[in-house]
Amino acid sequence: MKTPKGFYGARKLRFKLHGWRKIAIQNKVEEMAHCLGMRISRINPRNTSALAFDGSGKVERNQKKDLATFPTGKVYHADLSASYNIGARYFIRAFQLSWQ
């Protein structure tokens with residue numbers, strides 16, 4: 001993909017990354033996991049970093065967007081909180097499917 005003329009810096013990089021094939025990478029990883037006998041599950045990533053993993057509500061981010069302050073006053077790394085949310089969504093869905 002050619003980048004348009006007259007764009008520099010972050011905007012030019014944004015044009016380059018727009019053609020990134022994330023679905024193809026996810027499919028490749030899925031195929032490799034199946035070859036190794038691993039099970040995979042796709043989880044909706046919406047609001048994983050905006051919600052507190054302990055269920056207390058929305059989090060507030062600092063200026064660098066790396067720390068999340070929960071409504072209870074606890075401060076965690078935002079990526080850690082998001083990964084806990086993704087894990088919780090997986091286990092909730094697995095638990096609900098086992099009861100059906």
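Reader: In which helix does Asn-85 lie?
Author: This is a predicted model, in which local features need pLDDT of at least 70, side-chain atom pairs count only at pLDDT 80 or more, and totals for chains, interfaces and linings use all residues. Residues are numbered from 1 along each chain as its sequence is written, and side-chain values use heavy atoms, with hydrogens and water left out. Helices are DSSP runs of H or I with at least four residues, strands are runs of E with at least two, and both are numbered from the N terminus. The helix that holds Asn-85, residues 78-99, is α3.

Reader: Is Asn-85 buried or exposed?
Author: Buried means under 20% relative accessible area, exposed over 50%, and partly exposed in between, with a 1.4 Å probe and protein chains only. Asn-85 has 9% relative accessibility, so the residue counts as buried.

Reader: Which residues does Asn-85 touch, not counting residues up to four places away in sequence?
Author: A contact means heavy atoms within 4.5 Å. With residues up to four places away in sequence left out, the partners of Asn-85 are Asn-47, Thr-48, Leu-51, Ala-52 and Phe-53.

Reader: What is phi of Asn-47?
Author: Asn-47 belongs to the loop between α2 (22-35) and β1 (60-61). Its relative accessible area is 37%, so Asn-47 is partly exposed. Most residues other than glycine have a negative phi. Asn-47 is not a glycine, yet its phi is positive, near 65°.

Reader: Where is Lys-65, which has a positive phi although it is not a glycine?
Author: Phi of Lys-65 is about 65°. Lys-65 counts as exposed because its relative accessibility is 53%. Its place is the loop between β1 and β2 (67-69).

Reader: Which residues form the largest nonpolar core?
Author: A nonpolar core is a set of buried Ala, Val, Leu, Ile, Met, Phe, Trp, Tyr and Cys residues joined through side-chain atoms within 4.5 Å. Phe-70 touches Ala-52 and Val-59, among other residues. The largest core has five residues: Ala-52, Val-59, Ala-68, Phe-70 and Ala-78.

Reader: What share of the 100 residues in the chain is buried?
Author: The chain has three helices and three strands, in the order α-α-β-β-β-α from the N terminus on. Of its 100 residues, the buried share is 10%.

Reader: What radius of gyration does the chain have?
Author: The radius is taken over C-alpha atoms, and the globule rule is 2.2 Å times the number of residues to the power 0.38. For a compact globule of 100 residues the radius would be near 13 Å, but the chain has 18 Å.
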